[in-house]
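Biologist: Please put the model up, and then I will ask about its parts in turn.

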Amino acid sequence: MEFVYFAEESIDFGLFQIRKFSIEELNTILRNEINKVFYPWAYIDELYKLANYWFICVTVPQYELILSHSIKIKPGAEVEIIEPIEINYTKYPKPLESILKYLTLFRWEQIARAGEFNFNIPLILQIKESLLSSPNNAPELLFLETEIVEDPNTHKEFEVPIIKFYLDASETVQFKKFINDIKNILDNLKIENKWRFLEIAQNYLIKAFFSEGLEQLLWHITVIEALLGEEKQGITEYLAKRIATILGSTEREKKKLRKDFKKLYDFRSALVHGRSIKETDTTHLYYARSFARRLLLWFLHYLNAIQTGLPKDKSDEDIPEREDLLKLIDLDKNSRIRMRWMIDKIPEDFPNVSEWKE
């Protein structure tokens with residue numbers, strides 16, 4: 001993980017770990033000295049540089065790291081081979097992408113240097129269990145972003161990684177709690193077919209997180225539309241109102257949220273429809289990132305609360321559709337309070353109640 005500093009050298013989340021390794025540990029894990037003799041293309045000359053970084057560590061079966069398709073062809077048959085199109089949201093292997101759905105929900109944009117919203121994963125080290133397997137080529141370390149600092153005591157200069165996200169002891173504790181809480185929700189949440197939109201939004205948030213420039217703005221808006229959008233007239237107004245309802249606490253906050261989103265969406269519309277746009281700055285990117293991340297985080301809690309309240313013997317009909325979820329958001333607070341007791345009192349076959357018509 002490039003640009004990140006944690007106050008702890010090892011953080012265990014069960015399914016994966018985030019940790020630093022000493023030079024000695026890296027030398028052993030990567031079999032670097034063995035590679036120097038038998039696999040020189042895999043030998044890492046400046047191994048000490050990697051000891052300054054935290055790694056996302058995940059163990060997966062070897063086959064999960066290989067993308068392959070098999071096509072059966074009858075003897076003598078002439079066929080046109082059509083490869084299925086893989087939907088890739090990042091350049092990373094799927095096992096790593098599945099971990100990023102937790103990490104990208106953290107509030108990186110709130111603790112970063114101005115204008116920086118995402119950490120980077122510049123290289124992947126794949127360690128194969130079998131000693132008979134040839135190791136991969138050594139990673140290129142020249143692309144790691146560093147800066148030169150001076151030791152105040154010795155006045156010697158040395159190279160260190162650039163840190164954009166500095167999590168002190170308190171923030172590291174908050175980070176651990178947040179990831180564990182989100183992991184518990186996502187691991188327990190049953191994304192039924194009716195809630196597939198949530199998975200789509202998650203994937204586009206990951207894609208947005210690792211995109212650059214205005215591209216990340218477009219993908220963040222896609223996250224918002226996957227959660228709250230509908231094919232209807234006046235969609236900008238609907239989106240702005242729903243965002244304000246979800247994220248705003250006071251009328252003043254809601255008014256500002258509606259205004260900020262409309263400006264952002266107008267900018268996005270001008271961009272995708274080829275209209276001339278004014279010069280932009282990182283403010284647009286910040287709002288797009290903040291809206292998308294916070295809305296997706298809210299939706300996770302929303303669906304988790306609904307799933308918890310569903311009857312144990314639920315059928316597919318008991319699971320609310322996405323449209324039902326949005327209608328509930330559109331109701332104002334007083335309407336929701338009134339509807340709560342009204343729904344408990346009316347018959348199940350409402351409004352087509354035969355006894356009421358005779």
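The questions below go from the whole chain to single pairs of residues.

Biologist: What kind of model is this, and how many helices and strands are there in the chain?
Modeller: The model is predicted. Of the 358 residues of the chain, 37% count as buried. The secondary structure of the chain comes to 12 helices and seven strands.

Biologist: Of the contacts in the chain with a separation of 6 or more, what share comes from residues 24 or more positions apart?
Modeller: A contact here means heavy atoms within 4.5 Å. Among contacts with a separation of 6 or more, the share from residues 24 or more positions apart is 70%.

Biologist: What is the order of the strands in the open sheet of three strands?
Modeller: The edge strands are β2 (10-12) and β4 (54-57), each pairing on one side only. Strand β3 (residues 17-20) pairs with β2 over three bridges and with β4 over four bridges, in the antiparallel sense in both cases. The order is β2-β3-β4.

Biologist: Which residue in β4 is the bridge partner of I18?
Modeller: I18 is in β3 and stands opposite I11. Towards β4, the bridge partner of I18 is I56.

Biologist: Which residue of β4 points the same way as W54, and are these residues buried or exposed?
Modeller: F55 and C57 point the other way from β4.

Biologist: How do α7 and α8 stand to each other, parallel or perpendicular?
Modeller: The axes of helix α7 (residues 213-228) and helix α8 (residues 235-247) come within 11 Å and cross at roughly 85 degrees. Angles of 65 to 115 degrees count as roughly perpendicular. Therefore α7 is, to α8, roughly perpendicular.

Biologist: Which residues in α8 meet α7, and how does the contact divide by residue type?
Modeller: From α7, the residues in the contact are I224, E225 and L228. In α8 they meet L239, R242, I243 and I246. By type, the residues of the contact of α7 with α8 are five nonpolar, no polar and two charged.

Biologist: How many aromatic pairs does the structure hold, and of what kind is the pair of Y92 and F210?
Modeller: The structure holds 30 aromatic pairs. In the pair of Y92 and F210 the ring centres are 5.4 Å apart, with 80 degrees between the planes. Planes over 60 degrees apart count as edge-to-face, so the pair of Y92 and F210 is edge-to-face.

Biologist: How many residues apart in sequence are the parts that Y92 and F210 tie together?
Modeller: Y92 is buried at 8% relative accessibility, and F210 is buried at 18%. Y92 lies in the loop between β4 and α3 (94-103), and F210 lies in the loop between α6 (196-209) and α7. The pair therefore ties together parts whose separation in residues is 118.

Biologist: Is N188 partly exposed or buried?
Modeller: N188 lies in helix α5 (residues 169-188). Its relative accessibility is 48%, and the limit for buried is under 20%. N188 therefore counts as partly exposed.

Biologist: How far apart in space are N188 and N304, C-alpha to C-alpha?
Modeller: In sequence, N188 and N304 are 116 residues apart. In space, C-alpha to C-alpha, their separation is 8.3 Å.

Technical notes:
Residues numbered from 1 in each chain as written. Predicted model: local features only at pLDDT ≥ 70, side-chain atom pairs only at ≥ 80, totals over all residues. Heavy atoms only, no water. Axes fitted to C-alpha atoms, helices over the stretch in contact; angles between N-to-C directions. Helix = DSSP H or I, 4+ residues; strand = E, 2+ residues; numbered from the N terminus. Parallel < 35°, antiparallel > 145°, perpendicular 65-115°, else oblique. Nonpolar A, V, L, I, M, F, W, Y, C, P; charged D, E, K, R; others polar. Pairing = 2+ DSSP bridges. Phe/Tyr/Trp six-rings, centres within 6.5 Å; stacked < 30°, edge-to-face > 60°. Buried < 20%, exposed > 50% of the residue type's maximum accessible area, 1.4 Å probe, protein only.
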